[in-house]
Amino acid sequence: MTWRKSSALRDGFDVHRDLVGGYYDAGDNVKFNFPMAFTTTMLSWSVIEFGQLMGPELQHALEAIRWGTDYLLKATRVPDSVVGAVGDPNADHGCWQRPEDMDTPRTSYVVNKQKPGSEVSAEIAAALAASSMVFRHSDRAYAAVLLRRAMQVFEFADKYRGSYNDSIAAGVCPFYCDFNGYMDELIWGASWLYKATKAPNYWNYVKNNINYLESNNIVVRNVNGNPVPSSQGGSISEFGWDAKHAGINILVSQVTFICLQWVMKDPYNSNPFIPKADQFICSILPESPAPKSVSYSRGGLLFKPGGSNLQHATSISFLLLVYGRYMKLANKVVDCGNNVHVTPARLVSFTRGQVDYILGSNPLGMSYMVGFGQKFPQNVHHRGSVLPSVAKHPQHIDCHVGYSYFNGHDPNQNVLTGAIVGGPAEDDTFKDSRFDAPQSEPTTYINAPFVGVLAFFKALHH
């Protein structure tokens, strides 16, 4: 990315912390730590599952993860305190400005004991735990730092419960308001900590709380088994920066499959992870008679309500490939009813269809990955990509001056190579317009799960 230079070098100055680094979430210049942590978790999971297939790209994946984890360590350096976001989002979104030129307030939004933020804290704990597994072989000291911090941050998230919607709304809402409660993040964080440590208290936490995600009249229990107040909601078919339900069931099913190799008499002994993961699979595949959690365009792309739809296509594709791997190891097929039996090979073929659509096998012949293929989005909703680079235009570009470039008809000046945009409408049309952010804006969490998916198919192809 030769057209990008350093930016936001005073982040954290207002709260006397060094908060330089990390990722802007999308086409703006705000650091939203909730989706950033999810991005880091998914990059890490991509490497854990598919790193051995990445070849020379593995080193680049580790660098991308470390750029996230170095920042997340800074954001959690003060005990019982987590930085939830940096940059005033309303001021930022009111400007069309290069990150190198930013003169909007770089406010730091912090959650603590009095103003908790369980979802952002628990997602950061998940990211640190997952990444600790990634670095275990190449940098054991760093991995140990990540895991120790993950445990501390999870304890803070669990002990001081509350939503960051209430604590730091000005910094995160409406852009990344948590819509379905923080309970899924707490279970997700505990799942990753169990995977990283094998400590039984995290496994007990997951087991004690998993059934409560879809019930409202419930008692939620903490690590010690004591009842605590809760906020929950969502569905087992949801997975993304906000809802972790399907991801929890897929991730934990691996643990269960390993147990099943020892305990085959009562295959679902007291835990629901495999049945719920199976239910998720049956809610996706078009041939399944089960109620669907997605719809399909005529061209074959899966859809969920809301914008930025490719986040669902990439994250669900990742979960299906991972579950297929676990099924293969357990010699399992999923029975969806009406004589529909889903094999690991079927999950691979379905996922390949989604991947091929995203990369250009669709009615428009459009690759939704910028810079890939003969035809790809030219008017991406992304400030640094639209505006001339500092090298080409060294003079400062003011907040509103940048809109002359945004409103222009010329393609973006800088190619945001590799970024996947929000994607087409449900009728397979695509405007390729900067004005249509749900279609033309890329996000880190669209790309992150796709890293593992593409590593799998590249290896399969070769």
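Predicted model: local features only at pLDDT ≥ 70, side-chain atom pairs only at ≥ 80, totals over all residues.
What joins the side chains of Ser-108 and Asp-14? A polar contact of 2.8 Å does.

Ser-108 has its place in strand β3, which covers residues 108–112. Ser-108 counts as buried because its relative accessibility is 9%, and the cut-off for buried is under 20%. Leaving aside residues up to four places away in sequence, Ser-108 touches Gly-12, Asp-14, Val-15, Leu-19, Ala-85 and Val-86.

Three strands make up an open sheet. Their order is β1-β2-β3, and the pairing is antiparallel. β1 (31–32) and β3 stand at the edges. Each has a single partner strand, so one side of each is left without a neighbour in the sheet. β1 is joined to strand β2 (residues 81–86) by two bridges. These two strands run antiparallel. Here Lys-31 stands opposite Val-86 in β2.

Next comes the nonpolar interior. In soluble globular proteins, nonpolar side chains tend to be buried together. The largest nonpolar core here has 133 residues. Trp-45, Trp-192, Ile-250, Phe-280 and Tyr-323 touch the most other members. Take Ile-250 as an example. Not counting residues up to four places away in sequence, Ile-250 touches Trp-45, Ala-277, Phe-280, Leu-319, Val-322, Tyr-323 and Tyr-326. A second, separate core has five residues, including Trp-96, Val-386, Leu-387 and Ile-397.

Phe-280 leads on to another serine. The backbone oxygen of Phe-280 lies 2.8 Å from a polar atom of the side chain of Ser-283. Ser-283 sits in helix α11, residues 273–284. Is Ser-283 buried or exposed? Ser-283 counts as buried, because its relative accessibility is 7%. With residues up to four places away in sequence left out, Ser-283 touches Ser-237, Pro-291, Lys-292, Ser-293 and Val-294. Ser-283 and Tyr-445 are 162 residues apart in sequence. In space they are 22 Å apart, C-alpha to C-alpha.

The largest cavity holds about 40 Å³ of space. Its lining consists of Trp-3, Arg-4, Arg-98, Pro-99, Glu-100, Gly-384, Leu-387, Pro-388, Ser-389, Val-390 and Asn-414. Leu-387, in this lining, is also a member of the second core.

One more serine ends the tour. Ser-433 lies in the loop between α15 (403–406) and α16 (437–440). The side chain of Ser-433 reaches the backbone nitrogen of Phe-435 at 3.0 Å. Beyond residues up to four places away in sequence, Ser-433 touches Asn-379 and Ser-440.

How values were computed:
Residues numbered from 1 in each chain as written. Heavy atoms only, no water. Helix = DSSP H or I, 4+ residues; strand = E, 2+ residues; numbered from the N terminus. Polar contact = N/O pair within 3.5 Å; in protein donor to acceptor, adjacent residues only side chain to side chain. Contact = heavy atoms within 4.5 Å. Buried < 20%, exposed > 50% of the residue type's maximum accessible area, 1.4 Å probe, protein only. Core = buried A, V, L, I, M, F, W, Y, C linked by side-chain atoms within 4.5 Å. Pairing = 2+ DSSP bridges. 1 Å grid on protein atoms, 1.4 Å probe; cavity = no way out; pocket = protein on both sides within 12 Å on 5 of 7 lines; lining within 4 Å. Points joined across faces, edges and corners; volume = space filled by probe spheres on them.
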